[in-house]
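Visitor: Can we go through this model together? Please put it up.

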There are 2 protein chains.
Amino acid sequence: MENSYKNLDETDAFKQLCTLPPVMDMNTHLTAELVQTAQVPMGEDLTYNYAAKAVDEAILATLQRLADEMAVVDQYRELLGGAVMNGSEQRKVLHHLTRGQVGPIVEWQGRDLGSFYVTQQQRVADFARRVHAGEIRGSGGDRFTHLCQIGIGGSDLGPRALYLALQHGARCRGSQFMTASFISNVDPDDAAQNLANMDLATTMFILVSKSGTTQETLTNETIVRHALQQQGLDPAAHLLAVTAENSPLANGEDYLESFYIDDFVGGRFSSTSAVGGTLLTLAFGAELFAELLAGAHQQDQLALNSDILANPALLDALIGVYERNCLGYPCTAVLPYSQALSRFPAHLQQLDMESNGKSVNRYGQPLNYATGAVIFGEAGTNGQHSFYQLLHQGSDIIPLQFIGFRHAHGDDGLNVDGCSSQDKLNANLVAQIVAFAKGRDSEEPNRVFAGQRPSSLIYAERLTPRIVGALLAHFENKVMFQGFLWNVNSFDQEGVQLGKVLTQQLLTGCTRDAVLQGYAAYLGVLQP
Amino acid sequence: MENSYKNLDETDAFKQLCTLPPVMDMNTHLTAELVQTAQVPMGEDLTYNYAAKAVDEAILATLQRLADEMAVVDQYRELLGGAVMNGSEQRKVLHHLTRGQVGPIVEWQGRDLGSFYVTQQQRVADFARRVHAGEIRGSGGDRFTHLCQIGIGGSDLGPRALYLALQHGARCRGSQFMTASFISNVDPDDAAQNLANMDLATTMFILVSKSGTTQETLTNETIVRHALQQQGLDPAAHLLAVTAENSPLANGEDYLESFYIDDFVGGRFSSTSAVGGTLLTLAFGAELFAELLAGAHQQDQLALNSDILANPALLDALIGVYERNCLGYPCTAVLPYSQALSRFPAHLQQLDMESNGKSVNRYGQPLNYATGAVIFGEAGTNGQHSFYQLLHQGSDIIPLQFIGFRHAHGDDGLNVDGCSSQDKLNANLVAQIVAFAKGRDSEEPNRVFAGQRPSSLIYAERLTPRIVGALLAHFENKVMFQGFLWNVNSFDQEGVQLGKVLTQQLLTGCTRDAVLQGYAAYLGVLQP
């Protein structure tokens, strides 16, 4: 099987797909009836609606054939079964196991990897209980009330997005045990500003680096250890490590506790491993985190359906490929109508662009078609007062992914002018979908909206921890399926390596001068 | 003059521009010598460097001819002189006057508008002094120590980005007088979560809406007034209004104080008016805000130079048009290597996409060329661990705008492995520019970097308030010049109006039900 993965443009279905007549007028396409039928359940109380996508039955049927011809669900099964799907790094891809057993048990070096992840989770849960009970305290004897995660990239964006997504809801249901902040950037202002706002005596730091060699994270660890010592606190009593068992950080003595991950869970897919789980369990308790995992697990199971109308992640992926490769759209905007999801687009930006921003296939051959799109977005209604102008009337068409909820985390807000804040939020959401699709004619040319802007809508009753997990897994699986369709390795990131190598040369090979002098000097060094 | 604005593609210079041979190999183009010469001073200690842009002397000469042929500096002079440059709304465009007199005095209805803006600024400064001195206190007798800005779009993004840009530096120099938070979204969780984290007795709210009719802002005002009353506090003693003199909010009795703006300063260009100035002056003092204004004013003066090599905003605009319209690039990434600028890209996203995301020219005629690009970005080094993979190895080329500083706001960080955090930050910055331009060959195809990714670099010694103001104005002026080049009205935003109209229909015309029911019901209402 391994050498049989096809390129997208080698398939009959894709060749046919781009010759099908496109949906020409969304104004007639998008009807009240279609809204009721053009949707896929994502488990109880969560739905993927594609009524406002420019796909009709002929296009959908061809997308189904494309999925079948490329055997993308079989590829997912291979991945679940422990195949080396990250070929360039010779690694399995096992993040699904961090939230449950979807496929067979995967063993490696005599270890059941699923139970390895579960064990780490249980260790975190036990540890969190002792912290919340006040059994584990800071070196000055204070209870820990605050967390600070030190990590970058996948060790920061996913956990941070999930923390923000869960925080207000957790507080409303009385399960916020600790608050959290984040140090990621090597910019010294990031650590300095965070430290200035913290009571170190009550803060537990979670140091996250799989390799244990991330420059930014190790630098910030040293700064934090120094700050703790300056206040007479013992760093070893305030720092946790989340790392691989074979990393230089896997050194018990320097840390209060260590939790482990392995090479089969990539950074951007690690939010449900100890990378996100340590922070989220300490902040909100093991029960809430278990709900999140259950929500993610359910999406992982749905992703096994070979019928694309019963597999929302696959359908979403296929429509995205149609938009990217047949219609030629270069970007996708993610627009959650929920302030709690304010950093979810930033996480998806990494997840998607780092996974599928590739130009060679899994055999290293150059590709003749576009792969990953630019992903960006902000929470609605904020985005409406910002970049939506271009989305409505700009010269390029940008496909949209809306996310909405019937109710807020807390109450739905005061009734002002006869309706609650949440009513207003949702009226805006629905109005935007309709405006983007249908547009508007006007006598005044600058008030004409061409419409024909396709969007999908994922909606639920409320952004519970289960739904947060489901959203996370939905997009992870969408990105995975798109990688299969484009025939790229979605699980490596060689594009970040060159910068690291050059940075190291700069730090060792030339003087550290003002920005321009460093720039010029470095080019001088490079010149023959 | 008014009917003489040309479309970009009607000019001889543009027709020639796209036929010039492009810079084929950035590997040989980008040299240490070029880094020293391919730059434009932006006043003392700030420089725009375009060595890593794919432009040579022939292209630059043609860009100069394009600027001359379209008379873009003359158009800027017209704007400064009070011409109605926002034609669709029949408004002048006067945000430059909020930071100084660049052109002639502009009078309107017998009033010198420049001195109107200055007067508002002085009123804010006087007010802030009395607050800082404890002369003005909350209704419970407490000193005000915290600010909460209630606004959305331009009343939120710019002020928030500037607050974050200035905060750590202000603290380091001892001029942070008050802290600040922001309520923007109509999502009730935004207000609820913010309010839960505040001591209302010591909080001053700044309500910002030029029209006084912004749905989100008025709804949040009601929520805040209710919360204050619930705690026995008098809302009129805790709320400021920043609004137009003819707005429904311009009602002294309900507010502790009101500061005014007018229709000639658009929301996304209003950061240096009372919209941003009230918050920033209260937070950091009048002196610091005056430095910011001086930095912005200096860029406004530089933008008068007709020589594009002495006009950094114009050169930046022209290179962007070359990349967009001759090379066909659909996006631009903004990458500040400074955590303090973490939300600056979100502000630029509104500034640029809302201004130039247009499809008709200033006479309402459809355009046959691309206008505003998608703008996105995050602070470096964070972005390196996220979407840079696609920037390096994705199938599309995305032009890049780097911003860097020799020193941090505070100290440059501990020496770890022989160099400070700031050294590491800058080594990363320079390494990325070089990696994007020059790429790398490799035996392993997935480790090949094609290079040829163009970038510019704006750099300074330190992110002082003056430099923050300069960066803000640079990008405002760049966006303005690009609007002139594309012959669009950069100062209206009809694309946000349709959503507002449809939202209102939804809130009045159909039941406020679950998201899907609202969606379907609304489409049912729309159907004939």
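Guide: Start with a charge over a ring: the charged end of B:Arg362 sits over the ring of B:Tyr5, 3.8 Å from its centre. The criterion is NZ of Lys or CZ of Arg within 6 Å of the ring centre and within 35 degrees of the ring normal. This is a predicted model: local features need pLDDT of at least 70, side-chain atom pairs count only at pLDDT 80 or more, and totals for chains, interfaces and linings use all residues. Residues are numbered from 1 along each chain as its sequence is written, chains are lettered from A and ligands numbered from 1 in the order written, and side-chain values use heavy atoms, without hydrogens and water.

Visitor: What does the charged end of A:Arg225 sit over?

Guide: The ring of A:Tyr255, 5.0 Å from its centre.

Visitor: Switching to rings. How many aromatic pairs over all chains?

Guide: The search finds 30. Rings of Phe, Tyr and Trp (its six-membered ring) pair if their centres lie within 6.5 Å; planes under 30 degrees apart are stacked, over 60 edge-to-face, the rest tilted. One edge-to-face pair is B:Phe127 with B:Phe259, 5.6 Å centre to centre and 70 degrees between the planes.

Visitor: Are B:Phe127 and B:Phe259 buried or exposed?

Guide: Both are buried (under 20% relative accessible area; exposed is over 50%, partly exposed in between; 1.4 Å probe, protein chains only).

Visitor: And B:Phe402 with B:Phe436, what is the geometry?

Guide: Their centres are 6.2 Å apart and their planes at 45 degrees, so the pair is tilted. B:Phe402 is buried at 1% relative accessibility.

Visitor: Which residues cluster with A:Phe402?

Guide: A:Tyr337, A:Phe376, A:Phe387, A:Tyr388 and A:Phe436 form one aromatic cluster with A:Phe402.
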